[in-house]
Amino acid sequence: MTTSLFDLSGQTALVTGASRGLGLAFAEGLAQAGARIVLNGVNTERLIKTANALRAKGYDVLTAAFDVTDEAAIKSAFEHLDAEGVEISILVNNAGIQFRKPMVELETADWQRVINANLTSAFVVGREAARRMIPRGRGKVVNIGSLTSELARATVAPYTVAKGGIKLLTKAMAAEWSEHGIQANAIGPGYMITDMNEALINNPEFDAWVKGRTPMRRWGKPEELVGTCVYLASEASNYVSGQIIYVDGGMISVL
Ligand code: GCO
């Protein structure tokens with residue numbers, strides 16, 4: 001049956017930045033497909049609150065609180081999972097931040113902070129996951145990119161560069177890890193209704209621009225990304241590696 005291609009029963013998925021927003025949508029969607037989920041977040045209180053809410057829905061939920069920019073914390077978290085016998089077979093590199101400022105006003109420290117949180121983190125967490133997936137001969141890595149993986153928007157240069165890097169990091173992961181049974185792919189969300197975009201959503205001019213620039217004439221909902229995430233996390237995508245799938249209401253396909 002084709003529906004079994006999307007069944008994640010027996011799999012364990014680590015989702016970074018999963019306390020809210022897109023990360024929470026990905027985590028709940030993977031849980032609905034049968035996966036045990038390990039929620040990552042840097043705010044322990046928020047992480048536990050989210051985990052308890054998902055457990056109340058009957059899902060199998062663990063938590064791993066660490067800052068995705070802290071290499072020692074990442075290594076320690078994976079070592080703890082190892083010690084608990086928790087094998088991560090699906091990784092969703094979702095964590096990230098946004099910082100909007102024209103480049104001529106941008107401090108280098110802010111540039112580096114965004115690059116670290118949005119790109120380097122995906123490499124470090126991905127490397128720790130792959131070190132454990134390779135001996136098992138299987139694994140799924142889903143990196144979260146953006147429309148800015150392809151196109152630039154003024155005032156979000158470090159985010160754009162990081163998300164462009166996510167697209168090519170995904171291909172680099174495919175180049176090195178596919179022969180080991182790991183598929184590495186990416187999702188490029190369009191303009192989604194999230195906390196990170198609240199200022200944009202509440203700006204009438206920007207809201208009008210998004211609706212005019214998007215063929216579907218609306219912002220996306222986080223749950224509209226779940227199907228693509230489950231697909232890339234499941235056996236249905238076992239011969240797909242190095243790809244980025246845009247879920248953007250058609251925006252990147254039109255002028
Ligand atoms: C911005 C937004 C975008 C979206 C998304 C678009 O300031 O333009 O934050 O970056 O969040 O990444 O794909």
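Predicted model: local features only at pLDDT ≥ 70, side-chain atom pairs only at ≥ 80, totals over all residues.
Local features rest on pLDDT of at least 70 and side-chain atom pairs on pLDDT 80 or more, while totals for chains, interfaces and linings use all residues. Residues are numbered from 1 along each chain as its sequence is written, and side-chain values use heavy atoms, with hydrogens and water left out.

**View 1. Helix α5, residues 157-177.** The helix, a DSSP run of H or I with at least four residues, numbered from the N terminus as strands (E, at least two) also are, has 21 residues and reaches 29 Å from its first C-alpha to its last. This span is close to the 30 Å expected at 1.5 Å a residue, the expectation being 1.5 Å times one less than the number of residues. α5 is mostly covered, with 15 of its 21 residues buried, that is, under 20% relative accessible area with a 1.4 Å probe and protein chains only.

**View 2. The largest pocket, with about 980 Å³ of space.** A pocket is an open set of points on a 1 Å grid over the protein atoms alone, with protein on both sides within 12 Å along at least five of seven lines, and its lining residues have an atom within 4 Å of a point. Volume is the space filled by probe spheres set on the points, which are joined across faces, edges and corners. Of the 42 lining residues, Asn94, Ala95, Gly96, Ile97 and Met196 lie nearest the centre of the largest pocket. α1 (21-32), β2 (36-41), α4 (108-136) and α5 each supply at least two residues of this lining, and the largest share, three residues, comes from α1. By class, the lining has 17 nonpolar residues (Ala, Val, Leu, Ile, Met, Phe, Trp, Tyr, Cys and Pro), eight charged residues (Asp, Glu, Lys and Arg) and 17 polar residues (the others, Gly among them).

**View 3. The second largest pocket, with a volume of about 180 Å³.** Its lining is made of 15 residues, of which Arg138, Lys140, Ser234, Glu235 and Asn238 lie nearest the centre. The lining of the second largest pocket divides into three nonpolar, eight polar and four charged residues.

**View 4. The largest cavity, with about 60 Å³ of space.** A cavity is a set of grid points where a 1.4 Å probe fits but cannot get out, and a search of the whole structure finds one of 30 Å³ or more. Residues lining the largest cavity include Thr16, Val68, Asn93, Asn94, Ala95, Ile144 and Lys163. α4 and α5 each supply at least two residues of this lining, and the largest share, four residues, comes from α4. By class, six nonpolar, five polar and one charged residues line the largest cavity.

Note on methods
Buried < 20%, exposed > 50% of the residue type's maximum accessible area, 1.4 Å probe, protein only.
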